[in-house]
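Welcome, and please take a look at the structure below. We will walk through some of its side-chain pairings together.

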Amino acid sequence: MNLYDQISDDIKKAMLAKDKVRLEALRGIKKEFIEAKTAKGSTGELDDAVAMKILQKMVKQRKESAEIYSSKGRPELAEGELAEAAVIEVYLPKQMSAEELKEALKAIIAETGAAAPSDMGKVMGVASKRLAGKADGRMISEQVKLLLQ
């Protein structure tokens with residue numbers, strides 16, 4: 001079962017369980033998937049790699065919105081965004097811990113032969129491809145900067 005079918009199936013389960021937060025988040029995911037499938041230049045199919053990118057983008061948006069709501073004194077709205085982000089994260093692969101990320105980046109730095117901050121582009125190119133879906137791009141970038149100093 002691909003991710004699109006799994007989401008559709010989980011929507012039905014959320015409806016039966018009357019889980020409003022989960023249902024809202026899943027409907028949002030399905031909407032994004034349908035838009036991607038019907039976008040101009042699309043083949044009409046949605047492979048799991050594209051679906052993962054969409055899910056990562058959605059989680060990032062929810063977390064950024066929650067930060068904005070919190071800073072503006074609207075904790076109830078922030079909680080809603082974070083609850084939806086948690087539902088979406090269930091469908092993403094497990095994120096790497098800071099220590100796992102650091103070890104993976106050390107290996108990539110050794111592999112590319114990077115030694116100075118000017119080599120960051122080489123490392124980021126390999127790291128973003130290899131660690132896609134396992135770590136946030138901002139975290140990868142920050143760790144690479146620290147390791148190349």
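Which side chain meets Lys 122 in a salt bridge? The partner is Asp 119, at 4.0 Å from N to O. Keep in mind as you read that this is a predicted model.

## Salt bridges

Lys 122 is partly exposed, with a relative accessible area of 45%, whereas Asp 119 is buried at 17%. Theirs is one of twelve salt bridges counted in the model.

Another joins Glu 103 and Lys 106, at 3.9 Å from N to O. These two are three residues apart in helix H5 (residues 98-112), so about one helical turn separates them. Glu 103 is partly exposed at 41% relative accessibility, and Lys 106 is partly exposed at 40%.

Asp 10 counts as buried because its relative accessibility is 10%, under the 20% cut-off. Both residues also belong to a salt-bridge network with Asp 9 and Arg 22.

## An aromatic pair

The model holds one aromatic pair. Tyr 4 and Phe 33 form it in a tilted arrangement, 6.4 Å centre to centre with 40 degrees between the planes. Tyr 4 lies in helix H1 (residues 3-17) and Phe 33 in helix H2 (residues 20-38), so the pair ties together parts that are 29 residues apart in sequence. Both rings belong to buried residues, and Lys 37 lies over the face of Tyr 4, at 4.0 Å from the ring centre.

## Helix H2

Phe 33 is one of the buried residues of H2, which also include Leu 26 and Ile 29. Their cover includes H1, helix H3 (48-71) and helix H4 (75-89).

Conventions. Residues numbered from 1 in each chain as written. Predicted model: local features only at pLDDT ≥ 70, side-chain atom pairs only at ≥ 80, totals over all residues. Heavy atoms only, no water. Phe/Tyr/Trp six-rings, centres within 6.5 Å; stacked < 30°, edge-to-face > 60°. Helix = DSSP H or I, 4+ residues; strand = E, 2+ residues; numbered from the N terminus. Buried < 20%, exposed > 50% of the residue type's maximum accessible area, 1.4 Å probe, protein only. Lys NZ or Arg CZ within 6 Å of the ring centre and 35° of its normal. Contact = heavy atoms within 4.5 Å.
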